[in-house]
Amino acid sequence: MTKFDSGRLGRGAAYVSDPSGSRHAKFMQLSARALIPLGLLAAWFVVGVAGKSYEAAHAYLGRPFPAIALIAFVAVAMPHAAAGAETIIEDYVHDDALKRRALAANRWAAKIVALAWVAGIVLIAAAK
Amino acid sequence: MANADAGRQADKRPLSPHLTIYKPMLTMAMSMAHRITGAALYLSVALLALYLLGLGLGPSAFAAVSWIASGFFGYLVLFLFSWAALHHLLGGLRHEVWDRGLYMDPKGRELMVQATLGGGIVLTLLLWIASAIAG
């Protein structure tokens with residue numbers, strides 16, 4: 001029997017329960033519910049922009065309701081996506097160091113994508 | 001972070017049965033589809049963020065990103081994005097039903113899978129038709 005080291009990062013990590021799972025599951029469920037209306041709205045406005053010229057797309061997305069709906073969508077969708085990608089990384093990346101790096105990259109990527117999205121919308125709506 | 005593989009002892013423990021052990025089933029395929037569409041949505045939202053940023057920065061920046069939402073490739077991106085979003089949304093609703101213990105019997109779960117698979121395709125087509133009508 002291995003000597004028991006307490007703590008998540010010690011050798012005992014494989015033997016202790018990690019209660020963060022239920023918080024993760026609850027968050028996924030809650031954000032998923034919020035994404036029912038927000039995802040439908042986002043899909044509608046994203047499809048609406050198909051094939052539009054610069055002027056047409058700018059005018060279309062610069063209106064208050066699409067702009068607010070798309071910002072609200074990404075504010076919930078990116079944390080939801082990051083949490084989902086976290087599960088995928090934990091399931092398939094087995095090398096410990098690589099896993100840590102992938103998890104950190106995922107957290108940053110989600111923030112950067114959300115920031116770029118919001119900055120884009122704000123610039124579009126502000127220029128009107 | 002769940003870290004079940006730490007420690008040398010982990011190597012000696014039996015593996016839990018994974019995908020290759022089971023007979024392929026529709027419910028399993030849909031579980032995989034839920035993950036794949038989720039990951040694809042992450043990537044397509046990143047792509048669309050680039051498009052929005054280009055649109056916000058002005059006509060010359062827009063020229064560099066307009067391929068994301070127009071032309072053959074753009075329509076393909078938007079069509080797959082909308083399908084993935086609706087399919088993933090229905091997948092979530094399927095789990096809301098299953099979480100309540102409903103439709104868990106062999107017939108019920110097959111029905112749920114078929115309804116979400118077909119529903120995703122039908123809703124995507126309806127979305128594009130409605131969008132074309134709305135202009």
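A nonpolar core is a set of buried Ala, Val, Leu, Ile, Met, Phe, Trp, Tyr and Cys residues joined through side-chain atoms within 4.5 Å, where buried means under 20% relative accessible area (1.4 Å probe, protein chains only). This is a predicted model, in which local features need pLDDT of at least 70, side-chain atom pairs count only at pLDDT 80 or more, and totals for chains, interfaces and linings use all residues. Residues are numbered from 1 along each chain, chains are lettered from A in the order written, and side-chain values use heavy atoms, without hydrogens and water.

**Chain A**
- Chain A has four helices and zero strands, helices being DSSP runs (H or I) of at least four residues and strands runs (E) of at least two, numbered from the N terminus.
- Of the 128 residues in chain A, 40% are buried.

**The core**
- The largest nonpolar core holds 49 residues, and those touching the most other members include Phe73(A), Met78(A), Trp117(A) and Val45(B).
- Helix 3 of chain A gives the most to this core, 10 residues.
- Beyond its neighbours within four places in sequence, Val45(B) is in contact with Phe73(A), Val74(A), Met78(A), Val113(A), Trp117(A) and Phe81(B); contact means heavy atoms within 4.5 Å.

- The axes of helix 3 of chain A and helix 2 of chain B come within 10 Å and cross at roughly 130°; axes are lines fitted to C-alpha atoms, for helices over the stretch in contact, and angles run from 0 to 180 degrees between N-to-C directions.
- Residues making this contact include Ala81(A) and Ile88(A) of helix 3 of chain A and Arg35(B) and Tyr42(B) of helix 2 of chain B.

How values were computed: Buried means under 20% relative accessible area, exposed over 50%, partly exposed in between (1.4 Å probe, protein chains only).
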